[in-house]
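Let's take a walk through this structure, one piece at a time. Keep the 3D view open as you read.

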Amino acid sequence: MKKRTQLTLVSCIAIAATALAGCNAGGNEGGGAAAPAQSDKGSTSQKEQQGPVEISFFMNTNMEAKAVKGFEEIEGFKEIQRRTNTKINFQLPGDGSQFNIMLASGSYPDIMFVPRNYPGGVEKLVQEGIALKLNDLIEEHAPNYKKILDEHPEIKKQIMMDDGTIAKFPQIDIDMHRIAYSGHIIREDWLNKLNLQAPTTIDEWYKVLKAFKENDMNGNGVADEIPLGERGDTLSSISSFATSYGILANTFHLNPQTGKVTYGPYEPAFKDYVTTMNKWYEEGLIDSEFAALDKKAFEAKFANNTIGSYAAVISGINNFKDLMQAQVPDFKLIGLSPPIGPAGKSYSGHTQMVQNVPLEGAVISSQAKDPVAAVKLLDFMIGPEGSDLQNWGIEGKSYVVENGKKKYTDEVFKHPDFSPSDAVKKYALPTTGMVKVMSFDAWAAFELKYPEAAEANKKWYDADRSLLLPALTFTGEESQTLGSIMSEVETYSREMWVKFIMGNEPIDNYEQFRDTLSKMRIEEAIAIYQAAYERFQNRK
């Protein structure tokens, strides 16, 4: 699963796609030649061209699949092209540098998917005349997209720029349950062995972790249990407990009391948070080697039946169960709500839980040969038909409809040569997004494999979101200032965060740490975020 993870600080700073009914000739639903598309760019009708309109499309991701070699081989995308009478020439982002190289060349494709880490984001491309403002084109030629924006003002608010400009077709999650894919995870079989209830508060977590540490949970006669697993490349487990103190450990967020923007490490509660984490670390409740571990090393430790809890994505509940069941028949991981602590609420720390729409998206370039045809293609993709084709594939082949609900076929889940996650890519991309409305049911068919994963999804969805900021955009000057400030602040803050927890920096030095952040102009950065948040709130 490709998760729509929260932007890192630097990424946040650097940034500042139904049928063609009504668009097709004669309004014939389900395909046919497109109606004459007139625009100031010299659009020509597809009938006149005696063939499909060719549209170059710079994609948002590379194709990694065993069942197909590229997007052009995915049956859902083949059908999108057939129904819209277009031929998409897919261009892939490669190692991530190709987007900048393409812009530097001065030669742009018709449609390009702007990555989230592009400095200045979609706004900059519009300001520089590289991407088109689409408001009028959407009003006239994108009925599916217009319907979504009209029916969901909160989504329109996230898609538009501060001045009302709409320039992108993004991935959209109307149902936010799909976004609840990360949080606290614990070994229920270990809890059952100790006759313990799942912890709901920070104090209960401490008692459970102590019990995991002091008892031979894996029964091998060796004191090798790791109550709380962690990876140095993510710090997701440690950071997940910061919400108990009403903060996010390493980023900007809203103060739940004032509703104003703040920076987690700059809040006084950060000292209490790292004090607790340091206590847990000193008592051996957190993996002593966490700072040096990556994904592979963490998974190796888990395979040794030593880790009792961690915080990560929901797929771990499925994958580790598949891995461990033969070795530990009663193995079971469950998701838990964020623990309540001094802040008094079960606060979510999953920043995307207030983002129906990510900052990135597909734009139409100023060099597009036929902007109307491009808008119509994107509108079909984001509409019901196009979204179904991308989420489910082809009816009768990759899915069937039973009792009014779509269901993947054995061609996907019992393929003789490919795993379900590979087999489905011959037809659709249900767990990753581009220009479409994401389907919770399609995603859940893969990600909520076991009942405990579905239960975790619900608990994480229900957590309080008061700390979380929407995806904000910044002016060019703001982006430049933030880049200058936060490149230094983020590095320093992360280093000190780890040092406080591991005891390499005395907790008593917290005020010095805070003073240093002040000298690094963190308050100026907070003010910029506050101004951007207020502009977002004023969007209509």
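Two strands count as paired if DSSP finds at least two bridges between them, and strands themselves are DSSP runs (E, at least two residues), numbered from the N terminus, as are helices (H or I, at least four). You're looking at a predicted model, where local features need pLDDT of at least 70, side-chain atom pairs count only at pLDDT 80 or more, and totals for chains, interfaces and linings use all residues. Residues are numbered from 1 along each chain as its sequence is written, and side-chain values use heavy atoms, with hydrogens and water left out.

Start at strand β5, residues 182–187. 6 of its 6 residues are buried, so the rest of the structure largely encloses β5; buried here means under 20% relative accessible area, with a 1.4 Å probe and protein chains only. β5 pairs antiparallel with β8 (residues 309–313) over 5 bridges, and H184 has A311 as its bridge partner in β8. β5 is also joined to β9 (residues 333–336), again antiparallel, by 4 bridges, with R187 opposite L333.

Now hop to an open sheet of 4 strands, ordered β2-β1-β3-β10, with mixed pairing. Its edge strands, β2 (86–91) and β10 (361–364), each pair on one side only. Inside that order, β1 (residues 53–58) and β3 (residues 111–114) run parallel, joined by 2 bridges; F58 has M112 as its partner in β3.

Finish at helix α21, residues 476–502. Just after α21, G503 takes a positive phi of about 85°.

Conventions. Buried < 20%, exposed > 50% of the residue type's maximum accessible area, 1.4 Å probe, protein only.
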